[in-house]
Amino acid sequence: MSNTIATTSRVGHPSAIETMLTAGFIAGCLDLLTAILVYSVAMQRTTDTKLLQGIGRAAFGSNAFDGETSLALSGVAVHFFIAFSFAIFYFFIFPYIPFLRRQRIISGMLYGIFAWCVMNLAVLPLLHIANVPHKWDSMIRGAVILMFCIGLPISLIVSRYYILKHQP
């Protein structure tokens, strides 16, 4: 019986680390799945393997790994590192910005736009991985994906943690 209570309590009140890992994992999965569906399946611009290899190649260089599978797996690792980074950052700023608590949906959408700006206007150009996007359709598509797949899930998961934390 005590195991049931402990399990229920644990599920009802996740730890900070569990919350950050959950938020990063869910956001990373949603974003990666959506990118594959949009760019590989719907638009047929690339394959899922090439998409992942592109991420790995961008982070580590073309000659960093032997074999296509290793390069694709490194792309998955980099992708999730970025998703976890955004989740951790949001987790730590959440208590200090009242708007994030009051407007969970809107703040999640805005955080997705923030994530798009950080990646496309700072990280990718500074690392010489990609130029600043200049086509509106591409910019809007990317921002919308990050709004719904990164910003919104991170916002909802992190805000749930803080709501549960303040309940008895």
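Q44 is exposed, at 64% relative accessibility. Exposed here means over 50% relative accessible area, buried means under 20%, and partly exposed is in between, with a 1.4 Å probe and protein chains only. Q44 sits in the loop between α2 and α3. Its phi is near 50°, a positive value in a residue other than glycine. Most residues other than glycine have a negative phi.

A word on the source. This is a predicted model, where local features need pLDDT of at least 70, side-chain atom pairs count only at pLDDT 80 or more, and totals for chains, interfaces and linings use all residues. Residues are numbered from 1 along each chain as its sequence is written, and side-chain values use heavy atoms, with hydrogens and water left out.

Now the fold. The protein has seven helices and zero strands. Along the sequence the pattern reads α-α-α-α-α-α-α. These are DSSP runs, numbered from the N terminus: helices are H or I with at least four residues, strands are E with at least two. The protein has 168 residues, and buried ones make up 38% of them. Take the contacts between residues at least 6 apart in sequence: 68% of these join residues at least 24 apart. A contact means heavy atoms within 4.5 Å.

Next, the surface. Accessible area for the protein comes to about 10200 Å². Carbon and sulfur atoms account for 68% of that area. The method is Shrake-Rupley with a 1.4 Å probe, and for residues only the protein chains shown count as cover.

Which residues make the nonpolar surface patch? They are Y96, I97, F99, I105, I106, L110, I113 and L156, and the patch covers about 720 Å². Patch residues have over 30% relative accessible area and no salt bridge; nonpolar side chains (Val, Leu, Ile, Met, Phe, Trp, Tyr) are joined within 5 Å, like charges within 9 Å. Helix α6, residues 104-126, gives the largest share, four residues. I106 lies in α6. I106 counts as partly exposed because its relative accessibility is 43%.

On to the largest pocket. Its volume is about 1200 Å³. The lining has 38 residues, and those closest to the pocket centre are L51, I55, M119, N120 and L124. On a 1 Å grid over the protein atoms alone, a pocket is an open set of points with protein on both sides within 12 Å along at least five of seven lines, whereas a cavity is a set where a 1.4 Å probe fits but cannot get out; lining residues have an atom within 4 Å of a point. Grid points are joined across faces, edges and corners, and the volume is the space filled by probe spheres set on the points.

Which helix gives the most to that lining? It is α4, with seven residues. At least two residues each come from α2 (16-42), α3, α4 (68-93), α6 and α7 (136-165).

Let me stay with I55. I55 lies in helix α3, residues 48-60. I55 is partly exposed, as its relative accessible area is 23%. Leaving out residues up to four places away in sequence, I55 touches G75, V78 and H79. Between I55 and G75 the sequence gap is 20 residues, and their C-alpha atoms are 4.6 Å apart.

R57 and G75 are 18 residues apart in sequence, with 7.4 Å from C-alpha to C-alpha. A59 is also found in α3, and A59 is partly exposed at 41%. From A59 to H79 is 20 residues along the chain, with 9.7 Å between C-alpha atoms.

Last, charges. How many salt bridges does a search of the whole structure find? One. The cut-off is a side-chain nitrogen of Lys or Arg within 4 Å of a carboxyl oxygen of Asp or Glu. The partners are R141 and D137, with the closest N and O atoms 3.6 Å apart. Side chains of opposite charge can pair when their charged atoms come close. Both R141 and D137 lie in helix α7, four residues apart, about one turn of the helix. Are the two partners buried or exposed? R141 is buried, because its relative accessible area is 19%. D137 counts as partly exposed, at 47% relative accessibility.
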